[in-house]
Amino acid sequence: MAMAWIWTGMVAVSVIFGLINGTIGAVGTAALEGASAAVQLCISMGGVICLWTGVMEVMERGGLSEKLSRLLRPVLSRLFPNSAGNEEAMEAVSSNVSANLLGLGNAATPMGIRAAAAMRTGTEANNDLCTLVVMNTASIQLIPATVAGVRAAAGAANPFDILPAVWITSIASVTAGLLAAKLFSRIWKRS
Amino acid sequence: MSNIFDLVIPALILGVSVFALYKKVDVYTAITDGAAKGLRVVIKIFPALVGLLTAVYMFQASGAMDALSDFFAPALETIGIPKELASLIFIRPISGSGALAVGSEIITEYGVDSLIGVTAAVMLGSTETTFYTVAVYFGAVGIRKTRWAIPAALCADFVGFFVAALTVRLLFFS
C-alpha cells in the first residue's frame, strides 16, 4: 500500500504545482512522455540485462558461485560470531553473499531467508540477524547490470565506466553498515 | 577514459566462458537460457516503470522536483551532494523501481556523462531498497522487534550517497 500513497501523492503534488506554476499543460504532456519513456527504457536496457543474466547463468553452471561461497566462509564466520558454529546458517549466508556479489538477485533472497530462519531465536531480532539484514540492505553487487543498462539506454560513451566508483561506494556503504551494526549492538541492549 | 577497468567486462565474459567450457558446461545454451531469465526480469519491471515514470515525469514537469531540490539544497550541498539528486535519495530506500524511474529521468535530464548523471548512476548501483529488504527478511521469519536493523541500514545508505558524490567528483571530474 505504501506505493499507492507515494504514487497518488506524486501525481497530486504535480497537479497542484502545475496549477500554481501555470505548468499544468506541460504536466499533461509529461504524463504521456513518461509512459513512452518506460517502453524505450525497457527496450534499450533489456539487452544489457539479458546479456548479463546470461553471463551469470554461465557462472552458476560452471560452479563459480559455489567456489566463491566457499572462499567467503571464513570471513563471514567472523561477522556472525554467534552463528559461526551453525553449519546450516553459515552455508546459507555464504551462498547469500556470493549470489549478491554476482548479482544473482533471484538466488540471493531465498538463501538469505534460509540463513535468517537458521539464526532466528525468537520474535526479537538478535545481533547476527540484524547484521545479516544490514548486509543485504547495502548493495554489494560487483557488476551493476541494471544501472549499466540505464546508462546504455541514455547513450553513455561507456556504460560500465562507473565500476570503480560503484565498488568504492559499495565498500564504504557496507563497511559503514557493519560498523553501525557492531556499535548499535553494544549500546542497544536487549530489553 | 581508458584504463584497467575497461578490461573488466570483456575479461569477465571471456574468463567465465572459458572456465565453464573447461568444466564441460554448454556455454551457449547457458547464455541463452540466462538471457531468457533476464527477459522475464525486464517484463516484470515494465508495468512498474510505466506507472512510475509517468508520475516522475509529471513531478518534474510541474516544477515540484525542482522545489524539492531547492528545499534540500542547503543541507545536501554542504556535504557535497548535488541538490538535483534529492528526489533520488528519498525514493531509493523505499522503492527499487521508483528509484530506477527517478534515476533514469535524472540521467536523461542532465546528461548521462554529466556529474549529476554519473552520480545518480553510482548511487543507484551501490545502494539497495532498504525498507523493502528489511520487510522481506523479517517478515519471512516472523521477527516483530527489529531493534537497530533499520537505523544501521540507513547509516549504510547515507554513507553510500555521500561517498558516491565524493568518488564521482574525485575520479571523473577533477
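How many of the 174 residues of chain B count as buried? The answer is 48%. Keep in mind that this is a predicted model.

Let me start with chain B as a whole. Its secondary structure comes to 8 helices and 0 strands. Read from the N terminus, the order is α-α-α-α-α-α-α-α. The C-alpha atoms fill a box of roughly 60 × 50 × 35 Å along the principal axes. Now take the contacts in chain B with a separation of 6 or more. Residues 24 or more positions apart account for 60% of them.

Next, the contact between the chains. Chain B gives 87 residues and chain A gives 85 residues. Which elements of chain B give two or more residues to the side that touches chain A? They are α1 (8-22), α2 (27-62), α3 (64-78), α5 (96-110), α6 (115-126), α7 (130-141) and α8 (149-172). The largest share, 26 residues, comes from α2(B). By class, this side of chain B has 55 nonpolar, 23 polar and 9 charged residues.

One place to look is where α6(A), residues 127-137, packs with α7(B). The angle is about 140 degrees, and the axes are 9 Å apart. The crossing is right-handed. From α6(A) come V133(A), N136(A) and T137(A). From α7(B) come T130(B), T133(B), V134(B), Y137(B) and F138(B). That contact divides into 4 nonpolar, 4 polar and no charged residues.

Now go to chain A, and find helix α4, residues 87-102. The buried ones include A89(A), M90(A), A92(A), V93(A) and L102(A). S94(A), S95(A), N96(A), S98(A) and N100(A) are also among them. What do these buried residues pack against? They pack against α2 (24-61), α3 (64-79), α5 and α6 of chain A.

Here is a length check on α4(A). At 1.5 Å a residue, its 16 residues should span 22 Å. The end C-alpha atoms are 23 Å apart, which agrees. Just past the helix sits G103(A), with a positive phi of about 80 degrees.

Let us stay with α4(A) and look at its partner α5(A), residues 105-119. A word on how we describe such a pair. Two packed helices are described by the angle between their axes and the distance between the axes. Here the angle is about 155 degrees, and the axes are 8 Å apart. That angle makes α4(A) roughly antiparallel to α5(A), because the cut-off for that word is over 145 degrees. The crossing is left-handed.

Which residues make this contact? On the α4(A) side, they are E88(A), A89(A), A92(A), V93(A), S95(A), N96(A), A99(A) and N100(A). On the α5(A) side, they are A107(A), A108(A), M111(A), G112(A), R114(A), A115(A), A118(A) and M119(A). Look at the spacing of those numbers. An α-helix has 3.6 residues a turn, so residues three or four places apart point the same way. By class, the contact has 10 nonpolar, 4 polar and 2 charged residues.

Last, a few single residues in chain B. Start with two that are not glycine but have a positive phi. K24(B) has a phi near 65 degrees. It lies in the loop between α1 and α2. R147(B) has a phi of about 50 degrees. Its place is the loop between α7 and α8.

Buried or exposed: what are K24(B) and R147(B)? K24(B) is exposed, because it has 9 other C-beta atoms within 10 Å. R147(B) is buried, because it has 20 other C-beta atoms within 10 Å.

I45(B) sits in helix α2 of chain B. It is buried, with 20 other C-beta atoms within 10 Å. I45(B) and S95(B) are 50 residues apart in sequence and 12 Å apart in space, C-alpha to C-alpha.

Finish with D6(B), in the segment before α1. D6(B) has 14 other C-beta atoms within 10 Å, so it counts as partly exposed. From D6(B) to A73(B) is 67 residues in sequence and 35 Å in space, C-alpha to C-alpha.

Terms used: Residues numbered from 1 in each chain as written. Chains lettered and ligands numbered in written order. Predicted model: local features only at pLDDT ≥ 70, side-chain atom pairs only at ≥ 80, totals over all residues. Axes fitted to C-alpha atoms, helices over the stretch in contact; angles between N-to-C directions. Helix = DSSP H or I, 4+ residues; strand = E, 2+ residues; numbered from the N terminus. Parallel < 35°, antiparallel > 145°, perpendicular 65-115°, else oblique. Left-handed = near helix turned anticlockwise from the far one by under 90°. Contact = placed C-beta atoms within 7 Å. Nonpolar A, V, L, I, M, F, W, Y, C, P; charged D, E, K, R; others polar. Buried ≥ 20, exposed ≤ 12 C-beta atoms within 10 Å, placed from the backbone. Expected span 1.5 Å × (residues − 1).
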